[in-house]
Amino acid sequence: MNPQGSSVVNTQQYDAYIDRVESVVDCKSLQEVTDSVFASITAELDAITAQLENLLPLQLLLEAPTSPDEVVEWIQGLIESLIQPLVAPYATLQLQVAAITLKIAELTQKITDKMNSIGSCSIDIPTP
């Protein structure tokens with residue numbers, strides 16, 4: 001399977017849609033197949049359209065600026081369309097690491113407490 005955008009169109013998928021339509025023997029089934037096929041096609045087109053909208057600001061950055069004002073706008077476009085989306089998960093990831101670290105400490109304490117309550121128990125607690 002090719003990643004989205006790496007090939008023109010998966011024509012085999014559409015051939016399979018045609019085969020599904022040709023295999024139908026009654027009107028109700030034809031409606032169901034039609035709805036299913038066009039739901040898939042619509043979802044695919046919606047995904048492509050969303051990607052196009054996401055990439056448009058980057059496409060605009062391919063034109064080199066020719067004046068100082070355009071350079072400033074170009075840099076702002078670079079920051080807004082590329083750098084900010086790439087950095088957006090940074091704060092969330094920091095919070096996740098902090099939360100995991102607290103839970104590891106809690107878990108380690110519970111393991112130690114359990115080990116002590118069992119008596120004659122010694123285990124190695126890994127350090128992630």
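1. Ground rules. The model is predicted, so local features need pLDDT of at least 70 and side-chain atom pairs count only at pLDDT 80 or more, while totals for chains, interfaces and linings use all residues. Residues are numbered from 1 along each chain as its sequence is written, and side-chain values use heavy atoms, with hydrogens and water left out.

2. The aromatic pair. The count comes to one aromatic pair. Y14 and Y17 form this pair, with 5.3 Å centre to centre and 85 degrees between the planes, which makes it edge-to-face. (Rings of Phe, Tyr and Trp, the last by its six-membered ring, pair if their centres lie within 6.5 Å; planes under 30 degrees apart count as stacked, over 60 as edge-to-face and the rest as tilted.) Y14 and Y17 are three residues apart in helix α1 (residues 11–22), so about one helical turn separates them. (Helices are DSSP runs of H or I with at least four residues, and strands are runs of E with at least two, numbered from the N terminus.)

3. Cover on the two tyrosines. Is Y17 buried or exposed? Y17 counts as buried because its relative accessibility is 11%. Y14, at 25%, counts as partly exposed. (Buried means under 20% relative accessible area, exposed over 50%, and partly exposed in between, with a 1.4 Å probe and protein chains only.)

4. The nonpolar patch. V71, I75, I79, L82, I83, L86, V87 and Y90 make a nonpolar surface patch of about 690 Å². (Patch residues have over 30% relative accessible area and no salt bridge; nonpolar side chains, meaning Val, Leu, Ile, Met, Phe, Trp and Tyr, are joined within 5 Å, and like charges within 9 Å. Accessible areas come from the Shrake-Rupley method with a 1.4 Å probe, and for residues only the protein chains shown count as cover.) Helix α3 (residues 68–87) gives the largest share of the patch, seven residues. L82 has its place in helix α3 and counts as partly exposed at 33% relative accessibility.

5. A polar atom of its side chain lies 2.5 Å from the backbone oxygen of G77. Which residues does S81 touch, leaving aside its neighbours within four places in sequence? S81 is in contact with P57, L58 and L61. (Contact means heavy atoms within 4.5 Å.)

6. The salt bridge. The structure holds one salt bridge. The side chains of K103 and E106 meet in it at 3.0 Å, N to O. (A salt bridge is a side-chain nitrogen of Lys or Arg within 4 Å of a carboxyl oxygen of Asp or Glu.) K103 and E106 are three residues apart in helix α4 (residues 89–118), so about one helical turn lies between them. K103 counts as exposed at 52% relative accessibility, whereas E106 is partly exposed at 41%.

7. Two further residues. N10 lies in the segment before α1 and is partly exposed, with a relative accessible area of 38%. A polar atom of the N10 side chain lies 3.1 Å from the backbone nitrogen of Q12. K28 is found in helix α2 (residues 27–60) and counts as exposed at 62% relative accessibility. From K28 to Y90 there are 62 residues in sequence and 51 Å in space, C-alpha to C-alpha.

Note on methods: A polar contact is a pair of N or O atoms within 3.5 Å; within protein, one must be able to donate a hydrogen and the other to accept it, and residues adjacent in sequence count only if both atoms are side-chain atoms.
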